[in-house]
Amino acid sequence: MNWNELFKDKENRWLKPAPLVLDSIELFKNKEVQHILDLGCGCGRNIIPYLETGFTVSACDISEVAIDAAKSYVLEVCNTNDVSFEKCCMTQLLFKDNSFEAVVSISVINHGLKNDVLKAISEIYRVLKFGGFLLLTVISKEHVTYGSGQLVEEDTFITDKGIDAGIPHHFMDESMLENYLTQSGFYIEVMKKCGIKEIGGINNGHLYVLARKTS
Ligand SMILES: C[S@@+](CC[C@H](N)C(=O)[O-])C[C@H]1O[C@@H](n2cnc3c(N)ncnc32)[C@H](O)[C@@H]1O
């Protein structure tokens, strides 16, 4: 399975916004965030609440099927084409340096090897403005699937079951994620365990981070 195949089946499209995205709206408003990048936007569920509350949103994903689905969903719900979409990999973002006051990335950057995760974090840092926010969730070592599938490097497994079979997952704990973020120059404001709202309920075993580009 790859992301295009996964999203071709409409049953696999997450359409309700993540509650932690809804919770970020007030903070982003208070901090005068204007332009948000949804990195790994999937089928667009998290773009909608930001658009509806007046933010400018850009979005990217490695899957063209996801991007097409997100464009249609945004048009259907918000009646606008006013989102700039790019098909690109998290390791090579097609956005200029210092473009956004916030990058939001829900359950995305852990889909790769450790080096991909590190490159994605440095790309996020590059495209953020100074003082900009990173709202991130990643899969943690406490996730029920940790250790299952094919071990491809330390803490990284290619899942062999479920809808994301064949997709690599790099599992992190708090200290790994803290190291990855701080070595790229991020200051971590909040890090905590969280669950992600998906089809079928809450998927526990994730980490939530709110960090800032401060240096
Ligand atoms: C679990 S889904 C989450 C989608 C969305 N963030 C949400 O909360 O609904 C992971 C998303 O990451 C995207 N993705 C996976 N690897 C990627 C990469 N290397 N670069 C950019 N996007 C990637 C997938 O195509 C998919 O849309």
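**Figure 1. Strand 4 and strand 5 pair in the parallel sense.** Strand 5 covers residues 128–139, and six bridges join this strand to strand 4. Two strands are said to pair if DSSP finds at least two bridges between them. Strands (E, at least two residues) and helices (H or I, at least four residues) are DSSP runs, numbered from the N terminus. The bridge partner of Val 104 in strand 5 is Leu 135. Strand 4 itself spans residues 100–106 and is mostly covered, with seven of its seven residues buried. Buried stands for under 20% relative accessible area, exposed for over 50%, and partly exposed for the range in between (1.4 Å probe, protein chains only). The model shown is predicted: local features need pLDDT of at least 70, side-chain atom pairs count only at pLDDT 80 or more, and totals for chains, interfaces and linings use all residues. Residues are numbered from 1 along each chain as its sequence is written, and side-chain values use heavy atoms, with hydrogens and water left out.

**Figure 2. Strand 1 pairs with strand 2 and with strand 4.** Strand 1 runs over residues 35–39, and four of its five residues are buried. Its pairing with strand 2 (residues 56–61) is parallel and has five bridges. Within that pairing, Leu 39 stands opposite Cys 60 of strand 2. The pairing of strand 1 with strand 4 is also parallel, over three bridges. Here Ile 36 has Ala 102 of strand 4 as its bridge partner.

**Figure 3. Ser 107 lies in the loop between strand 4 and helix 5.** Is this residue, Ser 107, buried or exposed? Ser 107 is buried, because its relative accessible area is 11%. Leaving aside residues up to four places away in sequence, Ser 107 touches Thr 137, Ile 196 and His 206. A contact means heavy atoms within 4.5 Å. The phi of Ser 107 is positive, about 60 degrees, although Ser 107 is not a glycine. Most residues other than glycine have a negative phi.

**Figure 4. Arg 126 is found in helix 5.** Helix 5 covers residues 114–127. Arg 126 counts as partly exposed because its relative accessibility is 22%. Which residues does Arg 126 touch, not counting residues up to four places away in sequence? They are Leu 93, Phe 95, Lys 96, Asp 97, Asn 98 and Lys 213. Leu 39 is 87 residues from Arg 126 along the chain, and the C-alpha atoms of the two are separated by 13 Å.

**Figure 5. Asn 98 has a positive phi although it is not a glycine.** The value is about 55 degrees. Asn 98 has its place in the loop between strand 3 (84–87) and strand 4. With 36% relative accessibility, Asn 98 counts as partly exposed. Arg 126 is one of the residues in contact with Asn 98.

**Figure 6. Strand 6 and strand 7 form a hairpin.** Strand 6 (residues 150–153) and strand 7 (residues 156–158) pair in the antiparallel sense over three bridges. Gln 150 stands opposite Ile 158 in strand 7. The hairpin has two residues between the strands, and Asp 155 takes a positive phi near 65 degrees.

**Figure 7. Ile 188 lies in strand 9.** Strand 9 covers residues 186–198. Ile 188 counts as buried because its relative accessibility is 18%. Apart from residues up to four places away in sequence, Ile 188 touches Glu 178, Leu 181, Thr 182, Val 209, Leu 210 and Ala 211. Glu 178 is ten residues from Ile 188 along the chain, and their C-alpha atoms are separated by 7.5 Å.

**Figure 8. The chain as a whole has six helices and ten strands.** Its C-alpha atoms fill a box of roughly 45 × 40 × 30 Å, taken along the principal axes. Buried residues make up 51% of the 215 residues. Of the contacts between residues at least 6 apart in sequence, 70% join residues at least 24 apart.
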